[in-house]
Structures are given as C-alpha cells and as structure tokens.
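Good morning. I will take a few minutes to go through one structure, so please have the sequence and the coordinates open.

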Amino acid sequence: MYAPISSSSSAFLGQRSSTNSRWSKVVITSRSCETIRCVVTPEKTAYKTKVSRNANPAKLQAGYLFPEIARRRAAHIQKYPDAQVISLGIGDTTEPIPEVIASEMAMRANALSTSEGYSGYGAEQGDKKLRAAIASTYYGGLSFSDGIFYGGLGIEESDIFVSDEAKSDISLLQLLFGSKVTMAVQDPSCPAYVDSSVIIGQTGLFQKDAEKCHLLLFTKQSNRLYSDKGLAGEADDSPRSIFEIPGAKEVAIETSSFSKYAGFTGVRLGWTVVPKELLFSDGFPVAKDFGRIICKSFNGASNIAQAGGVACLTTEGLQAMQDVVQFYKENTKIIVDTFTSLGFKVYGAKNAPYVWVHFPGQSSWDVFAEILEKVHLVTTPGSGFGPAGEGFIGVSAFSHRHNVLEACRRLEQLYK
C-alpha cells in the first residue's frame, strides 16, 4: 500500500522552516504482516518575493533580434543536421587579429605573471597612453596613407573615456541623462539603442519633430568598420566624426569601438568622447557627471585589451588593420555585385560591410526564413532595426572568402 504525504517545498529568497511545513492527513488501514510505505510528494508552489517588477523591461519586445536569429539558426541546424549553414547575418568578425596587435596583448598578459609587470585596477577613464593615442591619432590630424584621421578637431585626452565597447557606454549615457528628458532614436536603428532607452523609461508617442526632443540618439553605419576613422578613405564626403561639424563639441557626444576594424568583437574595447565644452543647462560640465558614473559603474577596460588598443594605433597596427579592412571591402563588393546582377536594389555597403537588399512588398522575416530554408544561409531581417527596415534583409560581409563565394552561388541558384 502506498500512502502519499505532501510537503510544501522551500523556495529561494523565501525558505520556510520545517516547523512551518504543511503535511497532508494520511489514513492507513492496517493489516498484520503488511508492509506500509509512505511517499513524500512536495507541493508545487512558487514563492514570490515582495519586490515589484520594474515596469520598463516589461515594455520590451518579446525577443531581442540577434538571439532570435541565433535561435532560428539552431532550430534549422537541428532540422537539417547535414546542411552546411553559412552565417552572413549578425556581422561578427571572422579574420584573425593582426599579429602586430595580438602579440602586444600576449606580452601584456605574460607580464602579469611577473612582479615587475603585474598591475591590478587601472584608471576608470582608461589607460593614459591609450587615451592620448586615440586623441592624437583620430582627432589630432595625424596623416596616414591616403587619408587624414579627424584632423585638428581639438579633442583632448581628458575628453576620452575608454570602455569595453560602445554598447555599454550607450547604456551609461542613458543613466547619465535619466528618464525625464525626451529622446528620439532614428529609424532604422541598432536594436540595443532602442531597448536601452525603453529600459531607462524612455517610452512614449513618436514625434516627427526632433526639435521637441532633448536628446537625439543616432548611429552612422560606417562606424561599424572601415570609414569610421578614415582607415580606408570615405566613399563619399560625409563626416567621419560628428566633431567635424562646427559647434558639435557644445552639443554632442560620440561613441566608438575597436570591435570591427581591429577584430575586437571578443576582446572588447571602445571609447566615448565627452568634450569639456558640453554643459548642462545650469552650466555644469557633462563630462564630470559621466566620469562619476563611470567610476561607480565600471572598473575600467581590461589592461590586456588596452595594450592591444595602443598597438592598433601604431603605424604598423594601422597598416595591418587597413589590410584586414580591404579584405572585408572585397567581400562586400562580391555580395553587392551578386544581388545587383539578380536585379535587386541594394543600399549601403559604401562605407561599411553591410549590404541592405530590398524585397518590395515582402516581410523581412519571411524573406529571412525563405533564404534560410532553401539555401541554408543566415541573413538579418531589416524589420528588427525598426519599421523603416521592413522589406529589407541585411547581408554582412564579415566572413571567410570561401563562405561569401558559396553564399553568393546559392543566392544565384535561388533567385535566377
């Protein structure tokens, strides 16, 4: 005979002691020489804390774009385990970090094993040598090859805050300005910029008149790679930095990173420029508040990563990065030529390795699904970047050459 005995289980953040456990009443009819066995079954009750949920994350869309792409890719691989899936979607770099840069990081890492070379916490604002190199190389007018990096813009070392990447700084800037200001985000835009605004409490009706907003958050796609800092020359006359615009130091903040052109998507290193000329309405310097937030929220970028950043900005490092950039530019041309030959309208791809292809009247996710299902190729649905991206798919040139060539061959088979 089996007699169930139930007990309410303990729950994390709210454990109950055994003296408070509730036990069900058990009635057993006894017979001589019969074995009685009692089974304990815990009640499936969830314990809730008294902490209310922040309402802002609840306003986010159901899924973040890139994890959703990864989920669909994984499901596709499970469905077709023998398929050779090629990813030209998210835009993660694929080529090795140049030796001249990687070797400096290796030397810095090895030095940490010695008494002479070890260092712990660094300056929250970033290594002084790196900040000086960023200021002089990107904003001071240092000539390189056929281009000038942000010549003579007057950005100084003290204006630069080194971080682990631009995305982190965007969230910290949201914290800096708070939820009471009105912010506008461009459409289409990187999903992280929209979501960080929602999380801080920046939700409301869309306003077409940007002049009604206190802050305008926008991204120039070219900052994802080669034309961002003039590494390979602009394909047009658009500014490489917002500080090329007269008066920008009094109204603007700029974020950037080493992620794409240095292959640091895994290393993680970036920076934000907050000019000393930028003031709040009461005259207080914005940089001072941002510096305080940095000190309280961030212990500084990895000293190994920062050593790599310094190596990037040497003459040898800049040349090595330009060689990698040229490789991705060639990939981009192959993709553009393929879609153009198939009769598609192609946008972008001039100052960055992202090709936007228009599929009029079609859902971005439907096109994404068709390409994945029929030719095992991962792209990016444009609608994930905002309503204006609907009807487009994005194709990244960040991939090995043989993958790009094979992907284009499959696309030709699908759309010819």
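Contact here means heavy atoms within 4.5 Å. Helices are DSSP runs of H or I with at least four residues, strands are runs of E with at least two, and both are numbered from the N terminus.

Two remarks on the source. This is a predicted model, in which local features need pLDDT of at least 70, side-chain atom pairs count only at pLDDT 80 or more, and totals for chains, interfaces and linings use all residues. Residues are numbered from 1 along each chain as its sequence is written, and side-chain values use heavy atoms, with hydrogens and water left out.

Now the chain as a whole. The protein chain has ten helices and 15 strands. Of its 416 residues, 43% are buried, where buried means under 20% relative accessible area, exposed means over 50%, and partly exposed lies in between, with a 1.4 Å probe and protein chains only. Taking contacts between residues at least 6 apart in sequence, 72% join residues at least 24 apart. The accessible surface is about 22,400 Å², and carbon and sulfur atoms account for 54% of that. Those areas come from the Shrake-Rupley method with a 1.4 Å probe; for residues, only the protein chains shown count as cover.

Next, helix 2. Which residues of helix 2 are buried? They are Ile101, Met105 and Arg108. These three sit on the same side of helix 2, because they cover an arc of only 60° around the axis. The arc is taken over the directions from the helix axis to the C-beta atoms. An α-helix has 3.6 residues a turn, so residues three or four places apart point the same way. Helix 7 (303-312) and helix 8 (315-341) are among the elements that cover the buried residues of helix 2. On the face turned away from the buried side are the exposed residues Glu99, Met107 and Asn110.

Last, some backbone details. The peptide bond from Asp187 to Pro188 is cis, with omega near 5°. Pro188 lies in the loop between strand 7 (183-185) and helix 5 (191-200).

Ala349 is not a glycine, yet its phi is positive, near 70°. It belongs to the loop between strand 11 (346-348) and strand 12 (354-358), and is buried at 14% relative accessible area.

His376 also has a positive phi, about 55°. This residue is in the loop between helix 9 (364-375) and strand 13 (377-378). Is His376 buried or exposed? At 19% relative accessibility, His376 counts as buried.
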